[in-house]
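Subject: Structure handover and findings

Hello,

Here is the structure we talked about handing over. My notes follow below it.

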Amino acid sequence: VFNVEEERTTHISEPENFKFAQWIDIDDFKHFNSYKNQKQIVEKAIKIQKARVMFTTPSSKYIKQLQKFKREMLEEDIHINGSRGLHHYENINEWLEKLSNNNLEENHVPSSVYLLVDYDTSKILGIIDIRHYLNDSLKEYGGHIGYSIVPSERQKGYGKLMLELALVQCD
């Protein structure tokens, strides 16, 4: 699903499994019923498009936004769930280095961290950590997924959306 500024025509070569392809409006597409899951997939795509968010991995591109996110989170909470310890780091670059090298502290498990980012403002709306397996501690408290939504953006459906996107990654 693409969001385009203007109508376009494109020529698509005929791959083995495709008989026809065309550009159609997303609202018209909702009414097609070719596949069992299609309606759910299209509804999720529309939700993401209308929310205008990105689901991405943390990088140095987001250092200022991560600092703002961390400040706002720590005004209300003592730690940031699903951040793989962001609250312990004064220097965001050190945290990013830890993530990129997958450096694990004692009793921690490998995981993947993602950000939910507002497409228009680059504000970080939430953070989520998908743990690849559980240790004894996580079996009791924590589980496979931990996440947080920045306080100013709570109660807007971003947590549910971020969890849905994380489950796609898990799949």
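Which residues of helix α4 (residues 92–101) are buried? Keep in mind that this is a predicted model. The buried residues of α4 are Ile-92, Trp-95, Leu-96, Lys-98 and Leu-99. Viewed down the helix axis, they fall within an arc of 155°, so they line one face of α4. The cover over these buried residues includes helix α3 (63–76) and the strands β2 (111–118) and β3 (124–131).

The two ends of α4 each have a local feature. At the start of the helix, a side-chain oxygen of Asn-91 comes to within 2.7 Å of the backbone nitrogen of Asn-93. Just after the helix, Asn-102 has a positive phi of about 55°.

Next, the cores. The largest nonpolar core has 18 residues. Those with the most contacts inside this core are Leu-66, Phe-69, Leu-86, Trp-95, Leu-115, Ile-124 and Ile-127. At least two residues of the core come from each of α3, α4, β2 and β3. Apart from this core lies another, of twelve residues, among them Ile-130, Tyr-158, Leu-161 and Ala-166.

Trp-95 belongs both to the buried residues of α4 and to the residues with the most contacts inside the largest core. Leaving out residues up to four places away in sequence, Trp-95 touches Pro-58, Leu-66, Ser-83, Arg-84, Gly-85, Leu-86, Tyr-89, Val-113 and Ile-127.

Arg-84 sits in the loop between α3 and α4, and its phi is near 55°, a positive value in a residue other than glycine. Is Arg-84 buried or exposed? Its relative accessible area is 8%, and therefore Arg-84 is buried.

Ser-122 also has a positive phi, near 65°, and is likewise a residue other than glycine. Ser-122 is found in the loop between β2 and β3. With a relative accessible area of 23%, Ser-122 is partly exposed.

On aromatics, the structure holds one aromatic pair. The ring centres of Phe-55 and Tyr-114 are 4.9 Å apart and the ring planes are at 15°, so the pair is stacked. Where in the chain are the two partners? Phe-55 is in strand β1 (residues 53–56) and Tyr-114 is in strand β2, 59 residues apart, so that the pair links distant parts of the chain. Phe-55 is partly exposed, at a relative accessible area of 22%, whereas Tyr-114 is buried, at 13%.

The last item is Tyr-133, which is in the loop between β3 and α5 (136–140). Tyr-133 is partly exposed, with a relative accessible area of 45%. Tyr-133 and Pro-110 are 23 residues apart in sequence, and their C-alpha atoms are 7.4 Å apart in space. Not counting residues up to four places away in sequence, Tyr-133 touches Val-109, Pro-110, Leu-138 and His-144.

Regards

Notes: Residues are numbered from 1 along each chain as its sequence is written. This is a predicted model: local features need pLDDT of at least 70, side-chain atom pairs count only at pLDDT 80 or more; totals for chains, interfaces and linings use all residues. Side-chain values use heavy atoms; hydrogens and water are left out. Buried means under 20% relative accessible area, exposed over 50%, partly exposed in between (1.4 Å probe, protein chains only). Helices (H or I, at least four residues) and strands (E, at least two) are DSSP runs, numbered from the N terminus. The arc is that of the directions from the helix axis to the C-beta atoms. Contact means heavy atoms within 4.5 Å. A polar contact is a pair of N or O atoms within 3.5 Å; within protein, one must be able to donate a hydrogen and the other to accept it, and residues adjacent in sequence count only if both atoms are side-chain atoms. A nonpolar core is a set of buried Ala, Val, Leu, Ile, Met, Phe, Trp, Tyr and Cys residues joined through side-chain atoms within 4.5 Å. Rings of Phe, Tyr and Trp (its six-membered ring) pair if their centres lie within 6.5 Å; planes under 30 degrees apart count as stacked, over 60 as edge-to-face and the rest as tilted.
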